Amino acid sequence: MRSPVAPMLPPQHAVRVAAPCMQPEAPPLPRRLARLAAAVGAPSDRRERLVRLVRVGNRLPHASAALVVADGTRVSGCTSVVDVLARLAANGTLQPEGAADSRLAKGL
């Protein structure tokens, strides 16, 4: 059945309904990262989540010399001084490295 409004609209004003956007599913997180995300997000108390992020940051290794001297590693727009470097390892995995002056930012 045709809409009674459709014949009154000139062709240049016809309304087209787009198909719903189908976004591809994100691949699952690696097991260790999924466990870490679950542990940090588990507490319902905001303060406890922040404390857990600081603990994560405290356990991370210190920045390598490559990160400190590399150009283009500084994260712009961040209130903390944050550097991030990602390298492709020989086995094809991405090896991220980061450093921050804030313990909370380092945990993120």
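**Salt bridges, helix packing and a surface patch**

Biologist: Is Arg55 buried, partly exposed or exposed?

Modeller: The relative accessible area of Arg55 is 47%. The model is predicted, so local features need pLDDT of at least 70 and side-chain atom pairs pLDDT 80 or more, while totals for chains, interfaces and linings use all residues. Residues are numbered from 1 along each chain as its sequence is written, and side-chain values use heavy atoms, leaving out hydrogens and water. As buried means under 20% relative accessible area and exposed over 50%, with partly exposed in between (1.4 Å probe, protein chains only), Arg55 counts as partly exposed.

Biologist: With which residue does Arg55 form a salt bridge?

Modeller: A salt bridge requires a side-chain nitrogen of Lys or Arg within 4 Å of a carboxyl oxygen of Asp or Glu. For Arg55, the closest N and O atoms are 3.9 Å apart. The partner is Glu48.

Biologist: What separates Glu48 and Arg52 along helix α2?

Modeller: Glu48 also forms a salt bridge with Arg52, at 3.4 Å between the closest N and O atoms; Glu48, Arg52 and Arg55 are linked in a network of such bridges. Both Glu48, at 26% relative accessibility, and Arg52, at 28%, are partly exposed. Because they lie 4 residues apart in helix α2, the separation is about one helical turn.

Biologist: Which residue meets Arg87 in a salt bridge?

Modeller: Arg87 is partly exposed at 39%, and its nitrogen is 2.5 Å from the partner's oxygen. Arg87 lies in strand β1 (residues 82–88) and the partner in strand β2 (residues 94–100), so the pair ties together parts 10 residues apart in sequence; strands are DSSP runs of E with at least two residues, helices runs of H or I with at least four, numbered from the N terminus.

Biologist: How is α1 oriented relative to α2?

Modeller: The axes of α1 and α2 (residues 46–59) come within 8 Å and cross at roughly 140°. Because angles under 35 degrees count as roughly parallel, over 145 as roughly antiparallel, 65 to 115 as roughly perpendicular and the rest as oblique, α1 is, relative to α2, oblique.

Biologist: Which residues form a nonpolar patch on the surface?

Modeller: Together, the patch residues have about 260 Å² of accessible area. One of them lies in helix α1 (residues 31–41) and is partly exposed at 43%. The patch is formed by Leu29, Leu33 and Leu36.

Terms used: Patches are made of residues with over 30% relative accessible area and no salt bridge: like charges are joined within 9 Å, nonpolar side chains (Val, Leu, Ile, Met, Phe, Trp, Tyr) within 5 Å. Accessible areas come from the Shrake-Rupley method with a 1.4 Å probe; for residues, only the protein chains shown count as cover. Axes are lines fitted to C-alpha atoms, for helices over the stretch in contact, and angles run from 0 to 180 degrees between N-to-C directions.
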